[in-house]
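User: Can you walk me through this one? I'd like the overall layout, then some detail.
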Amino acid sequence: MTADQDGPHPPQRLGLLLAWHGSVTQTRMKRALGAAGLTPRHAMTLMHLEGGPMSQRALADRLEVDPSVLVGILNDLEGEGLAERRRDPADRRRHNVAITDAGETALHKTNTALDEVESGIFAGLSGAERDLLRGLLDRVNTSAEDFNCGE
């Protein structure tokens, strides 16, 4: 028996280990977002709008979603008063999207909740180790086309 096979558990495959930690993290993050009143997609959309208004097309590209999917997200956010679409005065065919004051408030509450979750999840890692983890995860071969948000 090798060192990897000692104990009652079989050797852990890296993909399964990453999936398990991802599932736990996703559960905690969704719980925190729910307490703040947002879904993951809504929160990500507001986070992208925090830097200022942008075209609906640019926002879809940043979120890596089909424009038709973004319309549904924006309908939800507008319905809650968290974001607004306006026609671009320079090009009436284009819509610009902006976060509202209520959206800023919801985003602040969301970020506070997510900070708390991340502090707990990554408590055992130093700042340098967190940066290293980010860098390693950036190199994992995944694609937005493979993603299913499940909302």
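Analyst: The chain has 6 helices and 3 strands. Keep in mind that this is a predicted model.

User: In what order do the elements run from the N terminus on?
Analyst: The order is α-α-β-α-α-β-β-α-α.

User: What share of the residues is buried?
Analyst: Of the 151 residues in the chain, 23% are buried.

User: And the accessible surface, what does that come to?
Analyst: About 10600 Å² for the chain, with 52% of that area belonging to carbon and sulfur atoms.

User: Contacts next. Of those between residues at least 6 apart in sequence, how many join residues at least 24 apart?
Analyst: In this chain, 51% of them do.

User: Let's turn to helix packing. How do the axes of α3 and α4 cross?
Analyst: Helix α3 covers residues 56-63 and helix α4 covers residues 67-79. Their axes come within 9 Å and cross at roughly 105°. Angles of 65 to 115 degrees count as roughly perpendicular, so α3 and α4 are roughly perpendicular to each other.

User: Which residues make that contact?
Analyst: From α3, Gln56, Arg57, Leu59, Ala60 and Leu63 take part; from α4, Pro67, Leu70, Val71 and Leu74 do.

User: How do the residues of the contact of α3 with α4 divide into nonpolar, polar and charged?
Analyst: The contact of α3 with α4 has 7 nonpolar residues, 1 polar and 1 charged.

User: Different topic. How many salt bridges does the structure hold?
Analyst: There are 5 salt bridges in the structure. As background, side chains can pair when they carry opposite charge and their charged atoms come close.

User: Which residue does glutamate 78 meet in a salt bridge?
Analyst: Glutamate 78 pairs with arginine 85, at 2.5 Å from N to O. Glutamate 78 has a relative accessible area of 30%, so it is partly exposed.

User: What about arginine 86, which residue does it form a salt bridge with?
Analyst: Its partner is glutamate 84, and the closest N and O atoms of the two are 2.2 Å apart. Glutamate 84 is partly exposed too, at a relative accessible area of 27%.

User: One more. How far apart are the closest N and O atoms of arginine 93 and aspartate 91?
Analyst: They are 3.1 Å apart, and the two residues form a salt bridge.

User: Is arginine 93 buried or exposed?
Analyst: Exposed, because its relative accessibility is 73% and the cut-off for exposed is over 50%. Aspartate 91, at 24% relative accessibility, counts as partly exposed.

Notes:
Residues are numbered from 1 along each chain as its sequence is written. This is a predicted model: local features need pLDDT of at least 70, side-chain atom pairs count only at pLDDT 80 or more; totals for chains, interfaces and linings use all residues. Side-chain values use heavy atoms; hydrogens and water are left out. Helices (H or I, at least four residues) and strands (E, at least two) are DSSP runs, numbered from the N terminus. Buried means under 20% relative accessible area, exposed over 50%, partly exposed in between (1.4 Å probe, protein chains only). Contact means heavy atoms within 4.5 Å. Accessible areas come from the Shrake-Rupley method with a 1.4 Å probe; for residues, only the protein chains shown count as cover. Axes are lines fitted to C-alpha atoms, for helices over the stretch in contact, and angles run from 0 to 180 degrees between N-to-C directions. Angles under 35 degrees count as roughly parallel, over 145 as roughly antiparallel, 65 to 115 as roughly perpendicular and the rest as oblique. Ala, Val, Leu, Ile, Met, Phe, Trp, Tyr, Cys and Pro count as nonpolar, Asp, Glu, Lys and Arg as charged, and the others, Gly among them, as polar. A salt bridge is a side-chain nitrogen of Lys or Arg within 4 Å of a carboxyl oxygen of Asp or Glu.
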